[in-house]
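These entries record what I looked up in the structure.

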Amino acid sequence: MRLIAFAACLLLTSPAWAQGEAASAPADEIQTLWRVDVSSVGSSAAREGRSRSVRYGEDWASWVTEQGAQMWLDIGQRALYAQPADQTDIMQTSLYAEARRHLDIYVALSEGGRRDVISFGNAGTFDRVWLEAATGVASQSGALALTDTPTGFVAQYNNQLVFSADYGGEGSRCEADSIDNAHAASALAWLPYVAPIHPEIMARLSQSSRFPCAFSFIVYSPDSPAGRMERWTRDVDAPEVLPGLPPLPENATLIPAGADRLNQVLEAAQSALSGARGSAPTPVDFFDESQSLQEDGDYAGALLVQIQETHHFGPCPEASIGSDRLTCAYASALALQGAEDEDFRTLSAGLEALAENDPAAAVERFALFIDRDGHAGAAARLLTANALISWGRVGLQAHPELDPAQLLAQALVLDPFAPDAYWHLGQRYLAAGAPAPAWSLFDLGRELPRPIEDTPLAQVDVLEARMTELAPFWLPSAPSMPVQ
């Protein structure tokens with residue numbers, strides 16, 4: 001399957017654990033030690049040896065990176081948690097963001113799957129299959145030849161052995177048993193985070209109810225232009241005392257990915273979700289606010305409040321009379337009363353310009369209202385930001401004082417109950433190649449105490465469905481689901 005078409009549509013959270021003696025693992029989890037031997041391609045002499053301790057639950061895995069960071073993979077919650085060495089906070093990243101990051105890399109370097117050879121400057125060029133292994137994404141199938149063996153299977157590329165899986169048995173080099181059915185799914189989900197394994201190999205591994213007790217693979221990359229071989233073997237002589245690798249602590253301080261970029265935004269969103277901002281406004285609340293502004297002669301403000309209502313509940317229905325969407329039902333009456341008001345006419349002209357695909361004229365008019373507060377100010381910022389985005393690079397150059405991302409962030413801070421703000425700001429981060437903060441915004445928005453089916457935020461479900469199809473091994477199934 002080609003990713004060219006999908007490349008275009010992509011733009012559409014103070015724990016501590018024991019570092020000494022580990023408690024006995026509960027019956028629903030296992031802890032194992034992997035011995036890792038690294039050698040040059042074509043040589044069996046190990047040039048480096050190390051060990052990796054991992055704990056597998058039935059729907060999670062926990063391990064420590066080579067840099068000393070503690071990692072937790074939660075399959076059911078579709079989340080990856082990371083605690084850097086010597087830090088107390090834990091970063092929470094959506095697995096969908098991880099999938100999107102790898103998709104972005106693959107699409108960019110392979111030109112949507114069209115390039116067969118990938119250039120890395122002074123590091124040389126590499127066949128696309130090695131990029132596919134590194135990203136876990138492949139635009140086409142059939143790149144590898146997979147062959148069963150008495151102990152498992154092997155994979156070849158251009159007649160070169162590039163992967164071997166060993167499940168034990170006669171002739172096996174395993175020293176311990178393969179990982180059982182209850183924990184195989186978690187081991188498979190963990191594998192892409194520690195080894196560049198081609199998706200065709202991942203697919204073959206997923207067909208077994210067990211996970212190999214030994215496996216080996218070849219890597220060609222800018223870091224290893226001459227290639228390296230890694231041999232992972234489950235150690236039967238693992239010491240009784242292993243580093244403590246428990247499940248994610250229940251009292252963990254979780255920091256959404258991108259918090260360093262979204263300080264005020266995340267604070268506003270979390271205050272809304274915690275109830276600190278009171279109840280989310282209803283259609284009646286918006287109607288009362290709009291009517292109050294209208295009675296004060298602020299017709300432009302009344303219109304902006306009506307627009308912000310749609311950022312909460314979606315477009316006005318065709319038959320708004322008699323519905324609970326009161327601002328929609330009274331839109332015509334506001335238009336009649338505000339027809340002679342200069343600010344109202346300016347704002348209306350901006351809306352007309354936007355409808356006529358003239359974002360330049362729309363920006364000029366909407367920007368006059370971005371200093372307002374409350375719902376009206378949120379609407380003005382959303383309108384201005386989206387018009388700027390629609391205008392493109394020319395618009396951004398024409399108005400360097402207007403930053404769409406900043407405007408959208410301000411709109412969210414002013415009104416953290418509006419689903420549209422989370423969607424549009426998340427889209428800006430996706431366009432900037434930062435999917436982790438984007439999904440932090442999407443997930444927070446979807447926790448809002450209101451339906452989102454009629455708002456753009458519902459499109460996140462579509463994005464996630466596409467990524468599940470294109471990068472399935474970054475989005476593992478819960479263990480209750482059958483192995484494919």
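**Entry 1: a strand pair.** I looked up strands β11 (residues 160-166) and β12 (residues 214-221), which pair in the antiparallel sense over four bridges. Asp166 stands opposite Ala214 in β12. I note that the model is a predicted one.

**Entry 2: the sheet.** I then traced the open sheet of 12 strands, whose pairing is mixed. Its order reads β9-β10-β11-β12-β13-β1-β2-β3-β4-β5-β6-β14. I asked which strands stand at the edges. They are β9 (145-149) and β14 (254-256); each has a single partner strand, so one side of each is left without a neighbour in the sheet. On average, neighbouring strands are turned by 25° against each other, direction ignored.

**Entry 3: a helix across the sheet.** I found helix α4 (residues 181-190) lying across β1 (30-40), β2 (48-56), β3 (60-64), β4 (70-74) and β13 (224-234). Helix α4 runs at about 130° to β2.

**Entry 4: the largest cavity.** I recorded a volume of about 80 Å³ for the largest cavity. It is lined by 13 residues, and Trp130, Ala133, Val162, His198 and Ile201 are the closest to its centre. Elements α3 (128-135), β11 and β12 each give two or more residues to the lining. The largest share, three residues, comes from α3.

**Entry 5: the nonpolar core.** I listed the members of the largest nonpolar core, of 117 residues, that touch the most other members: Phe163, Trp190, Leu191, Leu205, Phe211 and Trp439. Helix α13 (residues 374-391) gives the largest share of this core, nine residues. I also checked the contacts of Trp439; among them are Tyr96, Arg100, Leu430, Glu464 and Met467.

How values were computed. Residues are numbered from 1 along each chain as its sequence is written. This is a predicted model: local features need pLDDT of at least 70, side-chain atom pairs count only at pLDDT 80 or more; totals for chains, interfaces and linings use all residues. Side-chain values use heavy atoms; hydrogens and water are left out. A nonpolar core is a set of buried Ala, Val, Leu, Ile, Met, Phe, Trp, Tyr and Cys residues joined through side-chain atoms within 4.5 Å. Buried means under 20% relative accessible area, exposed over 50%, partly exposed in between (1.4 Å probe, protein chains only). Contact means heavy atoms within 4.5 Å. Two strands pair if DSSP finds at least two bridges between them. Axes are lines fitted to C-alpha atoms, for helices over the stretch in contact, and angles run from 0 to 180 degrees between N-to-C directions. On a 1 Å grid over the protein atoms alone, a cavity is a set of points where a 1.4 Å probe fits but cannot get out, and a pocket is an open set with protein on both sides within 12 Å along at least five of seven lines; lining residues have an atom within 4 Å of a point. Grid points are joined across faces, edges and corners, and a volume is the space filled by probe spheres set on the points. Lists of a residue's contacts leave out its neighbours within four places in sequence.
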